[in-house]
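I am opening a notebook on a structure that is new to me. My entries below set out what I looked up, one topic at a time.

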Amino acid sequence: ATADRLIRTCVAAGIPLADSVKMITQTPARIMSLSKKGTLTPGYDADIVIFNENIEMQAVILQGEKAL
């Protein structure tokens, strides 16, 4: 499943948006011991997915560069 679909599914199940995003970012990064991923923190990898108001993917930024 894609990130946007996972978040939409969580939100539809009543999970708040912020918690849904944490579930697909921080939790996998922690489980896989990816120490520089999972949050927007100075010094961490700048991998970001940008969604619109309908939680549809609009852009992807990988290592600080627009990829989609």
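Which side chain meets that of Asp45 in a salt bridge? I found that Lys37 does, with 3.0 Å from N to O; a salt bridge here is a side-chain nitrogen of Lys or Arg within 4 Å of a carboxyl oxygen of Asp or Glu.

**What I am working with**

I note that this is a predicted model, in which local features need pLDDT of at least 70 and side-chain atom pairs count only at pLDDT 80 or more, while totals for chains, interfaces and linings use all residues. Residues are numbered from 1 along each chain as its sequence is written, and side-chain values use heavy atoms, with hydrogens and water left out.

**Salt bridges**

I searched the whole structure and found three salt bridges. Lys37 also forms one with Asp47, where the closest N and O atoms are 2.5 Å apart. Both Lys37 and Asp47 lie in the loop between H2 and S1, so this pair ties together parts that are 10 residues apart in sequence. Helices (H or I, at least four residues) and strands (E, at least two) are DSSP runs, numbered from the N terminus. Taken together, Lys37, Asp45 and Asp47 are linked in a network of salt bridges.

I then asked how open these residues are, taking buried as under 20% relative accessible area, exposed as over 50%, and partly exposed as in between (1.4 Å probe, protein chains only). Lys37 is partly exposed at 32%, Asp45 is partly exposed at 34%, and Asp47 is partly exposed at 31%.

Elsewhere, Arg8 forms a salt bridge with Asp4, and their closest N and O atoms are 3.4 Å apart. The two are four residues apart in helix H1, so about one helical turn separates them. Arg8 is partly exposed, with 32% relative accessibility, whereas Asp4 is buried at 11%.

**The helices and a surface patch**

I looked next at helix H2, which covers residues 17-31 and has 15 residues. From its first C-alpha to its last it reaches 21 Å, close to the 21 Å expected at 1.5 Å a residue; the expected span is 1.5 Å times one less than the number of residues. Just after H2, Ser33 takes a positive phi of about 55°.

On the surface I noted a nonpolar patch formed by Val11, Leu17 and Val21, with about 210 Å² of accessible area together. Patches are made of residues with over 30% relative accessible area and no salt bridge, like charges being joined within 9 Å and nonpolar side chains (Val, Leu, Ile, Met, Phe, Trp, Tyr) within 5 Å. The areas come from the Shrake-Rupley method with a 1.4 Å probe, and for residues only the protein chains shown count as cover. Val11 lies in helix H1, residues 3-12, and is partly exposed at 33% relative accessible area.

**The sheet**

In what order do the three strands of the open sheet come? I read the order as S1-S2-S3, with antiparallel pairing. S1 and S3 are the edge strands, since each pairs on one side only. Two strands pair if DSSP finds at least two bridges between them.

Four bridges join S1 (residues 48-51) to S2 (residues 57-62), and Ile48 has Ile61 as its bridge partner in S2. S2 and S3 (residues 65-66) pair over two bridges: Ile61 stands opposite Lys66, and Leu62 has Glu65 as its bridge partner.

Most residues other than glycine have a negative phi, and most peptide bonds are trans. I therefore marked Ile55, which has a positive phi of about 55° although it is not a glycine, and which counts as buried at 12% relative accessibility. Ile55 sits in the hairpin of S1 and S2, which has five residues between the strands.

The hairpin of S2 and S3 has two residues between them, and Gln63 in the turn has a positive phi of about 50°. Is Gln63 buried or exposed? I found Gln63 exposed, with a relative accessible area of 68%.
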